[in-house]
Amino acid sequence: MSSLNPVQQQFIEFLVRCKVLTFGDFTTKSGRKTPYFVNTGMICTGSQMECFASFYADVIAQQVGDNFDVLFGPSYKGIPLATAVATCLAREHGIDRGFCFDRKEPKDHGEGGTLIGAIPQDGDRVLLVEDVTTAGTSIRETVPKLRATADVELAGLVVSVDRKERGTGDLSALDQLTEEMKMPCISIVTVHDIIEFLHGHEIDGQIVIDDEIRTRMEEYLQEYGPRDHTV
């Protein structure tokens, strides 16, 4: 019996069917050799993005509610994500909020600036959405941009999958961000949820995680997981 709720199970199946979640031999941006990979760049149709964003909207509605003023997506993948999540929140949950995103480089003509969209104002609570956070690098790069724009409060960060890997210290990347940024960090699922649900589970007639893949994933987590975590 799985401990995951139906929405989490549906989300994992969605990731597999869209080939966002794949298994094999990969190298992360940090140089780690990983047996699985989460690439939300595979979400490339309107229906897929609508479905993906709807999962985010459900989690936000349940765990954050309307207790935020602006939805922020770090460029580049966070741009369509924030746009779609804001749409789903308004349509499906009646939470109509502004959204914005950042430029990689400041614009020195036209309206100028580093942010586009609903620019946060002093006192606004900003909720960040990102696809996956491995080390927290993009969040550390973009939060200063937000704080340079206005005296904002961070309402939290929502990601699709928590890889449960160490950041720059002994804590997991999300736990470290929670501690550093003084904000809650929420994931729709974790890698442990993925292992639990997909091990021996068939999707479209195929076992996704067999014993060998599970062993490789657990060994990876033993090596790169938080220091105080035991798989």
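In which helix do Phe52 and Tyr56 both lie, and how many residues apart are they? Both residues lie in helix 2, 4 residues apart, about one turn of the helix; helices are DSSP runs (H or I, at least four residues) numbered from the N terminus.

The model is predicted, so local features need pLDDT of at least 70, side-chain atom pairs count only at pLDDT 80 or more, and totals for chains, interfaces and linings use all residues. Residues are numbered from 1 along each chain as its sequence is written, and side-chain values use heavy atoms, with hydrogens and water left out.

**Aromatic pairs**

Rings of Phe, Tyr and Trp (its six-membered ring) pair if their centres lie within 6.5 Å; planes under 30 degrees apart count as stacked, over 60 as edge-to-face and the rest as tilted. By this rule the count comes to 8 aromatic pairs.

| Pair | Centre to centre | Angle between planes | Class |
|---|---|---|---|
| Phe11 and Phe52 | 6.1 Å | 15° | stacked |
| Phe52 and Tyr56 | 5.2 Å | 75° | edge-to-face |

Phe11 in helix 1 and Phe52 in helix 2 (residues 46-63) are 41 residues apart, and their pair links distant parts of the chain. Phe11 and Phe52 are both buried, as is Tyr56; buried means under 20% relative accessible area (1.4 Å probe, protein chains only). Ring pairs join Phe11, Phe14, Phe52, Phe55 and Tyr56 into a cluster.

**Charges over rings**

A charge sits over a ring if NZ of Lys or CZ of Arg is within 6 Å of the ring centre and within 35 degrees of the ring normal. The charged end of Arg97 lies over the ring of Phe68, 5.7 Å from its centre, and that of Arg163 over the ring of Tyr36, 4.2 Å from its centre.

Terms used
Helix = DSSP H or I, 4+ residues; strand = E, 2+ residues; numbered from the N terminus. Buried < 20%, exposed > 50% of the residue type's maximum accessible area, 1.4 Å probe, protein only.
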